[in-house]
Amino acid sequence: MPKINDEEFNRLLAEKKFAEAKALVKSYIDQAWTKEDEGEFYVGLITQYLEMSNKINTAYITELQEAKKDLDRLDKAQSRVHQTLDINKLKEDIDSM
Amino acid sequence: MPEYSANVPSPEEQDVRAKLSPDQLQSMDQSALEQKLAEKPFFAFVQKIAEKQNVDIQKYLTDNTPEKVLQLAERYDKVVRPTVDRFKKFAGDQFLGKMKALPPEAIAKAGESIEAFMSQEAAQEAVKGAANLESFSAKYSALLDQYEHLANMAGQLNRELSAKYGTTNKGELSAIKAQAELMSASAKTQGVENTTIHAGERTKIAQRRLNSVARFFKTIRTLGKERRSDAEIAEDEKFSDAQEPLQTKITSFEEASLDIGLKIPAREDYDKQIGDVREQILAGLSDANKLRDILLEATMDVVTSGKYNIEDAASSVNELGDEWGDQNDAEFNDYIKQMIEQTYQAAVKRGVEATTENINPNKIEEFNRFVVDNVRSNESKQLITDTVQQSIDAESDKRSPKVAQLTLMLNRVNNLKFS
């Protein structure tokens, strides 16, 4: 596989042989990836996606739990008030008997 | 009649081995090993271990007893294979399959390359010691376990909330609320004294949404925590303060319900007020749900776009922000857009950083050295920039993973300071 050759690159630039200098850089960056290189890339992406998704879902679950807690508090308060109202009504009914 | 069993229990392996001569033992192991090496993935794994030790596979198999290689095979079947299979399954079903421009044959090819890389990584760990295979497995399993756990948990909570307050019941709630409103109005005309538990106006729709969204984003923004300025932290505090009015309402409902001496208003009026607050919470949840979907989609876009370009991401964010375009509250819309944009940019930045760590670091390092050694003039900088940019353009339509590496190279050239 070709490596970048500093000396050669600088010589070509000095001689204003730009097309050849470009070809030298291009030959390096066009090197084929091995199967493992490509696999490493995909595994890196998927790992990154998993980490990000886990953070987003953790935030979402916190939101759900907070909302659930608030709704439970409301349900309990409502139930207690209904009970008091029912008892008061019962008292009134007894008083009026 | 006596009962006869047809089951013949298998003897323990070590008992069998104890009865065999060394020659017989070796012959048995050799046969088992040959059978195992006929399995392509295991053969490739052993080959990679041999490569890591700078020997060919024949020498590796000669230097190690069949018994030792079979022990490795056991660890491979128990630890490496399930980890690779699980990760590959996730990659195919939930990641690569969602990449819009990736055809099925490319997905299959990507699966093969994932296996090749993971097998190489496992081989690297195996060379350090068989016990290290556990850490290889733990690294990937932990992420996938957490992902599945969170998905299940969110699903379960959603089902619970939906069963109690969901679309079916929400209709009922609305009907009850509407009825309560009518009765309340009627009661008022009859001169019934309705004491409101709360003074205060109805929260604006935008404000209501803001409460939930602010909390959601506050957690999300830990992504860029280390880079947050004091001004950003202050901004978070400001929006988290928006939570207070709703919490104050809930607390006062609770206090009122515990105050026996309190003059309780008509049941209908009370139910209407509590119903309003309940609906505010549910509307906030609906927003959080939408935001989560958008953020997950945005994350997928960022990590699969193949070109880590903040400007592109920012313009996508504006489109996403239009989701809230029907709201009249300009401040609220700006806030949402800004938050998504920041999250998006943090994701992009992380993407570049993760790529630097993960992709072919030797090649990038080599290129960086080359750039430092050679970019001495604008002329040479321009030449290298043009060459890399042309390669990016040539690759970008193919959504090749190489584009990410080339982009890093280009960034390196562009960020180089001239002395």
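**View 1. Lys89(B), an exposed lysine, and its partner Asp93(B).** Start with Lys89(B): at 54% relative accessibility it counts as exposed, where exposed means over 50% relative accessible area, buried under 20%, and partly exposed in between (1.4 Å probe, protein chains only). What does the side chain of Lys89(B) meet in a salt bridge? Its partner is Asp93(B), with 2.6 Å from N to O; a salt bridge here is a side-chain nitrogen of Lys or Arg within 4 Å of a carboxyl oxygen of Asp or Glu. Asp93(B) itself is partly exposed, with a relative accessible area of 47%. Helices (H or I, at least four residues) and strands (E, at least two) are DSSP runs, numbered from the N terminus. In chain A, meanwhile, salt bridges that share partners link Glu8(A), Arg11(A), Glu15(A) and Lys17(A) into one network.

**How to read these views.** You're looking at a predicted model, in which local features need pLDDT of at least 70 and side-chain atom pairs count only at pLDDT 80 or more, while totals for chains, interfaces and linings use all residues. Residues are numbered from 1 along each chain as its sequence is written, chains are lettered from A and ligands numbered from 1 in the order in which they are written, and side-chain values use heavy atoms, with hydrogens and water left out.

**View 2. A salt bridge between two helices of chain B: Arg86(B) and Glu148(B).** The closest N and O atoms of this pair are 3.2 Å apart. Arg86(B) lies in helix H5 (residues 66-95) and Glu148(B) in helix H7 (residues 132-165), so the pair ties together parts of chain B that are 62 residues apart in sequence. Are these two residues buried or partly exposed? Arg86(B) is partly exposed at 26% relative accessibility, and Glu148(B) is partly exposed too, at 40%.

**View 3. A buried lysine in a salt bridge: Lys36(B) with Glu39(B).** Here the closest N and O atoms are 2.8 Å apart. Lys36(B) is buried, with a relative accessible area of 11%, whereas Glu39(B) is partly exposed at 37%. Over all chains, the count comes to 27 salt bridges.

View 4. Look for Lys16(A) in the loop between H1 and H2 of chain A. Asn54(B) lies in the loop between helix H3 (40-52) and helix H4 (57-63) of chain B, and is exposed, with a relative accessible area of 72%.

**View 5. Where chain A touches chain B.** How many residues does each chain bring to the contact? Chain A gives 65 residues and chain B gives 90, with contact meaning heavy atoms within 4.5 Å. The size of an interface is often given as the accessible area lost when the parts come together. In this model the two chains bury about 8200 Å² between them, 66% of it on carbon and sulfur atoms; that figure is the accessible area (1.4 Å probe) that two parts lose on being put together, summed over both. The count between chain A and chain B is 8 salt bridges, and one such bridge joins Glu112(B) to Lys35(A), at 3.2 Å from N to O. On the chain A side, the elements giving two or more residues are helix H1 (6-14), helix H2 (18-29) and helix H3 (35-95). H3(A) supplies the largest share, 47 residues.

**View 6. The two chains, one at a time.** Chain A has 3 helices and 0 strands, in the pattern α-α-α along the sequence. Of its 97 residues, 48% are buried. Chain B has 17 helices and 0 strands, and buried residues make up 44% of its 419 residues. Among contacts in chain B with a separation of 6 or more, 72% come from residues 24 or more positions apart.
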